[in-house]
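Work through the exercises below with the model open. Each task is followed by a solution in steps.

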Amino acid sequence: MNLLAWRKVYSFGRIEAVVLALYAAVLAFAIPFHEPWADEAEAWVLARDSSFWQIFRYRLHYEGAPPVWHFLLRTLYLAHVPWVAVGWCCGAIAVAGVAVWLRWSPFPLLVRALLPFSFFVLYQYGVVIRNYVLFPLLLFSLCALYCARPRRLLWFAAVAGLLANLCVQGAIVSGIFTLLYACEIYRAHIPKQRLALPLLLLAAAWIVCIYSVIPAPDEGVVVRNQVSTGAVHRLLVKYIGESPRSAAVRPVDPTPTPTSAAQPIVSFKGDPRQWIAAKLQEPAKSSALDLTPTSTMAPAKAAAVTFLELISELLWPIAGSSLLACVFLVLLLLWARTHGGLLYFIPAVVVWLVGEFLWTTDHHAGMLLLTLIAGIWITAQRCELAGAVSRETIVWRQATWIEASFVPLLSLVLTLQIIWSISAIAKDHRGNYDPGQQTARFLMQQSGNKRIAAFHYWSVATQPYFAQNPFFNLPTSYWTWSTNVFPDALHTQTLDTHPDMVVYTQEQPLPGEMRNQIIPLNAASRSIDPILTDIKQHGYHLTHQFCGDRFSRLSASFQVCDSIFEPGTK
């Protein structure tokens, strides 16, 4: 048995069964100790408190996500699945994705056995309750169907449609792989009658996807009142709608905290990379105040920061060592070129670039890595399936130094990622991934009907543990990303009503954050939140604080703290 030889016969034998059972066992060990953070809770409470029609017609235009995940959560809620059991449902989905990987992927046995325990497949997309848990299952299924002979057009269309409706990254990957698949079908002269139903299914899926991700005119993250007037605004109001404007909401930026624009805290006596980062992020002398990180920089420095962010986002999901990640990517490029598969890596490139210029963060990075894996999968099969070769057997070319080096290096990358998984699971056992659960437990222990106010998006993490919204100043249990409905803007009015308790939540980046791969571009903020100042000016004092770290790789990317303020106590 050669651990490094590419697969010739596809089956699910004893080794695959052992790997799958071990993967399920590790998930069962990790899931009970995970504390869901705000993004996990947001999707659940939104699905819990909204009908299928409300989710599709109104809510998703503020979430920036297609409907598959929210529809699934809504179905689980209607099936009386409690919040504490949703993690186990996600674990079952993750196991199904690994089963597809073990059964149909062409990779050598060593790679097939290692990847399920890599950081993103095991922890980020297995333990964490996000829509991305479906990404490996749908992506691996799409790869298997792409290479299947005879072609299964309807199944391919169904999986591609689901992937497109999972997330923006899924839509990019699904769309490009579907176009490449369509080119192959065109060259294969498939009868038109076989194409009608798959095309109809794909068209319906893409209509749903595109409509869902169109932002509402008052959406507060991407749009930010940029289309508050004019023809585009009238068109969005007519076909998308907007939330009614809350009384006394004054125009403010709806970003929860200014940390993304903050200058890093720099210690010049420490790592010299911090000095470089500080110099790059020095603002230009004549620039208007803007919360966009690069907007206050000189153009050359802004371009340098953008370039460094791009490189960091590419290297971060592969390895902690930038040198190792670069070597792997160069070897991957050579391997793909040797096998004539460069086209199959276009989805990964587009995901990478769109992420930088639209929005990406640490938990998105794994999809870039898995999309590279998908490109390897399809390249490995399609380059040798050009002739009359059966679906179950592949004859590989004679190994070159590139071929001989590529599999061991890929195995090394995955082995190092297993160490990340062990670290994250161990930290999740010892500490908190998020303070929301602990904060909710504390609030439940308070006697009487206390009026509790909460500020900032991360307070959503406490909501799934309550049957009803515990915070009187938040109009809904879920956070509405609307410039018309922005409770943080009313902090003074809220505090003037003298709540019995205030929950102030804040997120800060940590050194392990993705953009700090090369130099520390995203560090803790020195800026003072006016809401925090206002809380103290109203006579409130900190009485309790609960914190959690979002573990990633060998450290953590972000820290979230829930600070409990009460009046008249010190």
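**Exercise 1.** How many bridges join β1 to strand β2, and in which direction do the two run?

Solution. The model is a predicted one. Strand β1 covers residues 452–455, and strand β2 covers residues 501–509. Four bridges join β1 to β2, and the two strands run parallel.

**Exercise 2.** Determine whether the faces of strand β1 are covered or open.

Solution. In a regular strand, side chains alternate between the two faces of the sheet. Accordingly, sort the residues by side: Ile452 and Ala454 lie on one, Ala453 and Phe455 on the other. These residues are all buried, so each is under 20% relative accessible area. Both faces of β1 are therefore covered.

**Exercise 3.** Classify leucine 201 and arginine 337 as buried, partly exposed or exposed.

Solution. Buried means under 20% relative accessible area and exposed means over 50%, with partly exposed in between. Leucine 201, in helix α11, has a relative accessible area of 35%, so leucine 201 is partly exposed. Arginine 337 belongs to helix α15, residues 322–338. Its relative accessible area is 64%, so arginine 337 is exposed.

**Exercise 4.** What distance separates the C-alpha atoms of arginine 337 and threonine 379?

Solution. Along the chain the two residues are 42 residues apart. Their C-alpha atoms are separated by 9.8 Å.

Definitions and conventions. Residues numbered from 1 in each chain as written. Predicted model: local features only at pLDDT ≥ 70, side-chain atom pairs only at ≥ 80, totals over all residues. Heavy atoms only, no water. Buried < 20%, exposed > 50% of the residue type's maximum accessible area, 1.4 Å probe, protein only. Pairing = 2+ DSSP bridges.
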